[in-house]
Amino acid sequence: MTVYFIGAGPGAADLITVRGARTLAAAPVCLYAGSLVPRELLAECPADARLVDTSQLNLDEIVAECVRAHEAGRDVARLHSGDPSIFSAVAEQMRRLDAAGIPYEVVPGVPAFAAAAAALKRELTVPTVGQTVILTRIAQQATPMPPGEDLATLGRSGALLVLHLATRYVDRVVDELLPHYGAECPVAVVAMASRPDELILRGTLADIAPQVKEHGLVRTAVIVVGRTLGAEQFRDSHLYSPERDRHVC
């Protein structure tokens, strides 16, 4: 028996990976976050599968479902939105499974920031403009940021920032980044990336906050801040340069 942590992707049901869909189709038990995972994906489960919406369960109750499946010798598909490696809360579940001696595997998925970049039709790393992407969030009362990872500190790098779970605090985001990026720095907000109700807002640090408030965005969105969003004049990469010696490994 194995618990499979499966990245369900950013929202569109057809963005789950082939491996993820195959694993889901073979699992007799499926635990899914009903508030975030598209319901259409549940059609991939076996007809007699046990389906458990974990949106109202606490950690102990989720792990208990895995323990019951383990005792019955039944594989579990644990569906998480996006990719399990980023802001998914799988680490605490894995720790509990390790303690219980329950084996698990991870099936990666398409993360929200990748879906946002696709919606924006932008490469996030552009030669001579920006080669660093920081995935982060903003400190909240329930979960403070570790020392040195506050937004003002990260902003000193000037790197492209992708902020998760931050639209509710857009004024704080703007205030903390303005000294480092400037008022004219390009910003984009992508909500519900890849879904039919996807929404894209474009602007700068000077005007993005009113747009976010006007549309009432408080969740399921990422804020992207950085120069590469507006990059037009930049050098071609060396990868496809005619001057590159393609006989050298």
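## Reading an aromatic pair and its surroundings

Tutor: This structure contains one aromatic pair. Keep in mind that we are looking at a predicted model.

Student: How is a pair of aromatic rings described?

Tutor: The general idea is that the distance of the centres and the angle of the planes describe the pair. Here the partners are Phe5 and Tyr104, and their rings are arranged edge-to-face, with 5.9 Å centre to centre and 80 degrees between the planes.

Student: Which parts of the chain does the pair tie together?

Tutor: Phe5 belongs to strand S1 and Tyr104 to strand S5, so the pair ties together parts that are 99 residues apart in sequence.

Student: Is Phe5 buried or exposed?

Tutor: A residue counts as buried when its relative accessible area is under 20%. Phe5 has a relative accessible area of 1%, so Phe5 is buried. For Tyr104 the value is 26%, so Tyr104 is partly exposed.

Student: Now for the sheet. What is the order of the strands in the open sheet of five strands?

Tutor: Read across the open sheet and you get S3-S2-S4-S1-S5, with parallel pairing. The edge strands are S3 (50-53) and S5 (104-107), each of which pairs on one side only. From one strand to the next, the twist averages 20 degrees.

Student: How many bridges join S2 and S3?

Tutor: Strand S2, residues 29-32, pairs with S3 in the parallel sense over four bridges. To find a spot to look at, take Val29, which stands opposite Arg50 in S3.

Student: Which helices pack on the sheet?

Tutor: One of them is helix H2 (residues 59-72), which touches strand S1 (3-7), S2, S3 and strand S4 (76-80). The direction of H2 makes about 170 degrees with that of S2. Helix H3 (residues 90-100) also packs on the sheet, touching S1, S4 and S5. The direction of H3 makes about 170 degrees with that of S1.

Student: Where should I look for antiparallel pairing?

Tutor: Go to strand S10, residues 221-225. Strand S7 (residues 160-164) pairs with S10 in the antiparallel sense over four bridges. Strand S8 (residues 186-191) also runs antiparallel to S10, and five bridges join the two.

Student: Which residues stand across from Ile223 of S10?

Tutor: Leu163 has Ile223 as its bridge partner, and Val189 stands opposite Ile223 as well.

Student: How many residues of S10 are buried?

Tutor: Five of the five residues in S10 are buried, so the strand is mostly covered by the under 20% cut-off. Both faces are covered: Ala221, Ile223 and Val225 lie on one side, while Val222 and Val224 lie on the other.

Student: And what can I say about the protein chain as a whole?

Tutor: Start by counting elements: the chain has seven helices and ten strands. Of its 249 residues, 44% count as buried. The C-alpha atoms fill a box of roughly 60 × 55 × 35 Å along the principal axes. Among contacts with a separation of 6 or more, 69% come from residues 24 or more positions apart. The accessible surface is about 13,200 Å², and 52% of that belongs to carbon and sulfur atoms.

Student: What does UniProt place at residues 2-208?

Tutor: The unreviewed UniProt entry places the feature "domain: Tetrapyrrole methylase" there. Over residues 2-208, the chain is 29% helix and 21% strand, and the end C-alpha atoms are 45 Å apart.

Key: Residues numbered from 1 in each chain as written. Predicted model: local features only at pLDDT ≥ 70, side-chain atom pairs only at ≥ 80, totals over all residues. Heavy atoms only, no water. Buried < 20%, exposed > 50% of the residue type's maximum accessible area, 1.4 Å probe, protein only. Pairing = 2+ DSSP bridges. Axes fitted to C-alpha atoms, helices over the stretch in contact; angles between N-to-C directions. Contact = heavy atoms within 4.5 Å. Phe/Tyr/Trp six-rings, centres within 6.5 Å; stacked < 30°, edge-to-face > 60°. Areas by Shrake-Rupley, 256 points an atom, 1.4 Å probe, with all protein chains shown as cover. UniProt positions renumbered as here; feature names shortened; annotations may be inferred.
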